[in-house]
Structures are given as C-alpha cells and as structure tokens.
Amino acid sequence: MKLRFSASDEAFRVEVANWLRDNLCGEFEAIRFRGGPGDEHSFVDQRKAWERKMGEAGWTCIGWPLAWGGRAATIEQQVVFNEEYARAGGPGRIGHIGETLMGPTLITYGSEAQKAKYLPSIRSGDAIWCQGYSEPSAGSDLANVKTKAVFDEQAQVWHITGQKVWTSLAHESQYCFVVARTDLQAKGHKGLGFFMLDMHQPGVTIRPIEQLTGTSEFNEVFFDSAVCSAEDIVGQPGEGWQVAMALLGFERGVSTLGQQMLFQNEFNDIVKLAKSNGADRDPILRQRIAEAHIGLRIMRYNTLRVLSGSDEGELQAEGMIYKLYWSSWHRNLGKLAMDVMGAESEILEAEPYELNRLQSMFLFTRADTIYGGTNQIQRNLIAERALGMPREPRGNN
Amino acid sequence: MEFKFTDEQIMIRDTAEAFVSEVSTSAAVRSAMLEPAGYDADLWRQISGELFWQALPIPEALGGLGLGYVELAATLEQTGRFLLCSPLVATAAFAVPAIRLAANAAQQELYLGRVLEGQVATLAHAGVQTHGSQVDVQATVSDQGVYLNGVSRRVLNGQTADFFIVAAQETFASGEQGLSLWFVDSGTQGLTVKALPTMDQTRRLAELRFENLVLSPEQRLGGVAASQEPLQEQRQCQAQVLNSILDLAAIAVSAEQVGGAQQSLDISVAYIKERVQFGRTIASYQAIKHKCADMMLKAESARSGLYYAACIADEFLAGSCDAETLAEAASISKAYSSEAFFFNAGCGIQLHGGVGITSEYDIQLYFKRARALESFLGNASEHRERLAKQLLDSEVSL
C-alpha cells in the first residue's frame, strides 16, 4: 500500500503545472479561481477563449484516445491534471460536459460519422455542450421522462417536444444531449432515445432560473418540435436509458481530486479569516475547523482507495459513498464559513445582491446535497446496492 | 496509484480474519471476559508463539517479521472486528514502538527478544494529550540513585504484563525536570499492580503504584546515564519521542476501532434483514436503510483514514517523514475512527431494538468497546484540538 503517485506521474504533474503557470496569466489572470460551481455564470466569454487556448496546446480531452486528439492519459494522469488545474486556480471548465460526458459516450457508442461530426469541436474547445436529463416530474425519478420524440418519416428527422430543467450553461451551449421518449406507450426506462440536439434553432427556448444567490447558472429549456436529424440519435430508439446511464459512468472520479483542491482553497480562506478576525480563539470553532480538515483529508484517501481499485470487488461499495460524503462535508463547510465570519456574514459586498465568495459558497452548498442524486437517493443506493437491503417499493403510475 | 493492499498484505489480512473469526467467537469472548487475566492464556501463547503477530513490526535483524504498520493495521482491524481479548495491542503496538523509538541497541535486543519469546509488555502512560497531567510518576535523581514514585492509571493489560515501559517526570538534582522512559519488570520491589474494574470487560486496565522503586541507569530507555543531566535539547527530544510513540499506539487503536465499526454495521444489517415487523423485514424501511448507509459511510471513511495513517507511520519509521506529519495523521485517524465506531455501535443498538440492550446480543459488547477506545489515548475533541493547534496557532500553514 502506497500513499504517493509514481515518479512518472509526478513528472507529468510538473509538466502540467509549468504549462498552467506560463499560460494562465495575462488576459486570463482575471478568470483564475472563477467559474466554478455556484459561479458558472461568470466570465463566460473569457472561459470559452481559455478553453480554445487549452485545446490548441493539447490540454483538453487528455483522457481521450490519440485517434481523436487526446493523450490517452491514464486515470492517474487525469487525476494529477485536475489536481494541478485546481491548484493553479484554473477557471471552471466550460467545456467539461462535452469532454467528460458526451465525448466518451460517443467514442464508445457513437457511429463513425457521429464521432467525426462532433468530437473535433469538443476537442478544440469550440463546441460547448449541455445536458438534457432532468424534467419537472423527472428529478430523482429520472426515468419518468415526458419529453417526446416523434419521427417524421418523410423528412427523416425527429421532432422533440417537452421541457428540461436544471440545465447548466444552456444559453452558452451549441448542443444539448436529450433523453426523450420515442415509444409514447412505454413507461419508465423503456422506450427512450438519446438525442444530440442543436440548440441554435427556433424550437428551443431557454429561460434562466434565478437561484437563491441571485445568479442563474441553471435553466429551463423548452422544446417545441425542435428538430434533430435521424443521424443524431446515439444507439437505437428504445436504447436511450442504457446510453444515458453509461454516460454517467464515464466520469470515473478523475476530477474528484481537482474538486477537493477547490475545497482546500475554500478551507484555506476560512482558516485565514479565522486567524485574522479572532475566531481562531473560539474553542468550538477550533473544533469545527479541525473537523473540516479531518473530513477533507479523509475525502482524499477515500478517493485514492477508489482510484487504486480493488481486486476483490470492494471498489463499488467504496465509490458509492462519495457523493453523500462530499456534499455533506461541503454543506457543513459553508455553514462553518458563515460562523467564522460571524455577524459580518450578513453584510454583502455591494448592492443589489453581490455576495462574497464564502457567502456565495454557503448558499450554493445547499444545492450540493440535491443535484446529481440527493442525499436521500444516495442513501437508498448505498443501502440497496452496497448493503443488499430491499429496494424501495415502486408506485403504480 | 497503489493505495490498496498488496497481495502479501491481503494474505496477512485474510489469515488474521480466518483465525480470529474462529477463535474469538461470541462464546470465547464471553469466556475470556470472566478470566482474571481478561484473556485466554493458551490463545495468547498460540498468537505469540505460532502466529508471531507481536513480531510483525519488529525488524528482521532483531528476529522479527520485519513488516510494517500497514500489516499491523490490517491484523488489528480483524482483532478489533471480533473483539479479540489479548495483550497483542499492548505488546505489539504500545511497547514495541516505544522500544524501537527510544531504546538503545543493547536494550532493543534484550527487550524485543523478550517480546519475541511471548512475554507481555505494555506502556504505562495515560496518554491524555491536551488536559490533565500527562504523567503522574516521578523519577527522582539523587546521589543514592534514581527512585520511582507515583501512580500510573489505565495501563493496558498492566495486570499480566511481564514488563512495563513507564513514563516518568524526571527531577534532577538541580530541580529541573524532563520526561524519561524506564523499563520496569513486574514483581519489582516497590511496584504494586491493581486491576481496575472496567465498563468494557473485553479489555483490562490496571493501576501501577510506585513507592521508592529503585532504578538503575540501564533501565532508562536510550540508556543516558541518569546521574548525567540531559541537555534542554535532549529533553525536548524525549518529549517528542514519547508523543510519536503515543501516535503510533493511537493508530493501532484506530485499527481496532475500524474493525469494530465495520462489525457493528455487519451484525446489525444481518439482524435487520431477519427481523420482520408489519409483514416485512425492517431492512426494507427507509428510516433503517438510511441509518445503515450513514454507518457504512463512517466505517469506510474511518478505514481510509486508518490506511493513510498506517502508511504515514511506515514513512515515519523509515525516516522519510517527520514527527509533525505523524502526529497529524494519528490525530486525524484517531479522531475520526473514535466517533465512527461509537456512532456505529450506538446505531447498532438502536437497529437491534429491544434485544440491543440485552447482554445476550453482542452489539452491547461493541458499544462498550467503542466507548472505551474512544477516550483511550485521547478522544476525538482532544485530537481535534491538537490539529487546531497545527492549523491555527502556527505561522506555517499546513
């Protein structure tokens, strides 16, 4: 059992860090540490330019195969890359949905024509993608999709009609992958299709959702007979659920250490603040700061265990606690930040509703335990899949 | 990334699991609890004579198995999981690190040799880290020699130990004080050992009382002649060494806690899958499932913290990380696993319902073990305060 990365991974780390040091500066200085979760609405144009810059230097899609312009980076190298990216204050990756979700899905399930059509623009940083899964009545119960896809035999196109919700970056995206019902008689995960839809067309309407932070990174997206060509369905009609679930499996935890580096930055800010405003002398806050530190360290080693894999099938069980663990930890960190700020936490930066970084983090962490599978759903999954407890009974609708 | 057991470590873990699950059954634990020693002496002879587990962390050059703290943690995770009653932790995880870190070469050969023969050894130090007096034993240096006086409470397996490593406040002729460690054999004149009744009956603690016990310079760990007054620097160094010994011991306790946290979950899940109310197993209720999910999160996270701390312990013993890094890792592991085990054992009683509070079901034994280990060698809040000092009170941030 070893704690450390290999020497070659560490050499790769230096290469990444050097490139970031030399390039994440000048015109990009302003976007350092920006555009992460809770801040995705900010500096969109600059972040798009940054995405293209990374693309030119071959730092997008490093985990992709060489044939599609990737570096065929190992899991370890991808982890190291993400960690260094976050350490350097790399801005929230506006291209991450294309790179980490859509791209790998196409590489595995797409036709050659689809790959040739879509992969290069993701790789270059030109095309931004968004995700069309959730609907007003398909939240935790994701298979309860009502958006319809009707095939027009004559025009050889699909017409998509319905509503998606919680779509990040919808208004900045060129494409959206959409799960829609191709068999209108079918229910649940049967009879779905997985579509790649051009967002720049008349049948698509985007409405931002104003969040409790006053900002909007999530949107509602309405499809009114939006057109999707017959070539732009991944897999067969009826196989959409399988493709949709496989897509969620591609992320494989490579960005989790990067995420933890962002958490570390936030934690360091809190420590700095506590030292400067005297909160570091409050015995209860000292305990809570230490507890947050313990929690973040253990999060790292939870992750390293999962990334190291296991020969004995324990892997899945360990991986299953990750979302519940980090979301709960981060939500507590948000509250700790406010308690360390003390009474001043009530005062904003400016009118009309400009939050500072910790205030914004505090408010947005309430979303962490909801999106991507609520804590309640996570606990069900852990109990059912890892501990072998009976599944929740389903209703009859 | 190889943050996982090697094939050899898996073999060590599996061997321990197979052996302990067979010899440390519920009936065996309950029978050991009634023994005056607190364990089955024949079983200890088997562990120390055939399995040679106390030799795991002893270097090969000194006759041991030359394995590391990861292997020790893997073994203790299993002993803790099945509540094994034995002086293994006291000997292998308290006394052995003390000897390795503080004793000189001749002492190492002599005392590790005794450990290898199956003698029971332990550390006489309460290990309270942030409040209360750490050491209530005084070693007084005078022209006539060195005398030990005072009381050391809560000494693990003190009642059956063949020899002790005693932490003492040393007062020199000049009136200056410093910490020192001493080898003391059981049966030495001036030493009285009294068994203390304990809430957790699977683990025995004793009180040692020293009354003008005469020490010779050779008994001092490190062998600095007692009449010679160590320099200020050396004294600080000794306090640091003692802290590192306690850190290594705390990591071993964490290993037993992780095993206990896992087993509290496992026996509870087994129970609730059988228990039927309102026509269905209670495992099908979401209120029950969610509690079990939280327990699994705690057990797995405590395990990750333990493996990290065990790796750091090996780095420390190999000289590739400093005492401060070891202290941080030990406090992280001990703080988290203390609360995880107590949480899981407490939830375990609740999940068992009424039978959870009977003596017949084992979950109460885990609950008491969890409580005992939680406050042993520093509880979670003491370790958090130690981390807070590192984070908040120093100019250098972590």
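**Chain contacts and helix packing**

Analyst: Happy to! In this predicted model, 37 residues of chain B are in contact with 39 residues of chain A, where contact is defined as C-beta atoms, placed from the backbone, lying within 7 Å. Residues are numbered from 1 along each chain as its sequence is written, with chains lettered from A and ligands numbered from 1 in the order in which they are written.

User: Which element gives the largest share of the side of chain B that touches chain A?

Analyst: Elements here are DSSP runs numbered from the N terminus: helices (H or I) of at least four residues and strands (E) of at least two. Those giving two or more residues to this side are α8 (286-317), α9 (323-352) and α11 of chain B. The largest share, 14 residues, comes from α8(B).

User: How are α8(A) and α11(B) oriented to each other?

Analyst: Helix α8 (residues 283-308) of chain A and helix α11 (residues 380-392) of chain B have axes 8 Å apart and an angle of about 85°. Axes are lines fitted to C-alpha atoms, for helices over the stretch in contact, and angles run from 0 to 180 degrees between N-to-C directions. Under 35 degrees counts as roughly parallel, over 145 as roughly antiparallel, 65 to 115 as roughly perpendicular and the rest as oblique. So α8(A) is, relative to α11(B), roughly perpendicular.

User: How many charged residues does the contact of α8(A) with α11(B) have?

Analyst: Among the residues making this contact are Arg286(A) and Glu291(A) of α8(A), and Arg384(B) and Glu385(B) of α11(B). Asp, Glu, Lys and Arg count as charged; Ala, Val, Leu, Ile, Met, Phe, Trp, Tyr, Cys and Pro as nonpolar; and the others, Gly among them, as polar. By class, the contact has 7 nonpolar and 3 polar residues, and the number of charged ones is 4.

User: What is the orientation of α4(A) and α6(A) to each other?

Analyst: Within chain A, helix α4 (residues 96-109) and helix α6 (residues 240-249) have axes 9 Å apart. Their packing angle is about 125°. The two helices, α4(A) and α6(A), are therefore oblique.

User: What ipTM does the model score?

Analyst: Chain B averages a pLDDT of 93, with 93% of the residues scoring at least 70. For the model, pTM is 0.94 and ipTM is 0.95.

Conventions. Predicted model: local features only at pLDDT ≥ 70, side-chain atom pairs only at ≥ 80, totals over all residues. pLDDT = per-residue confidence, 0-100. Contact = placed C-beta atoms within 7 Å.
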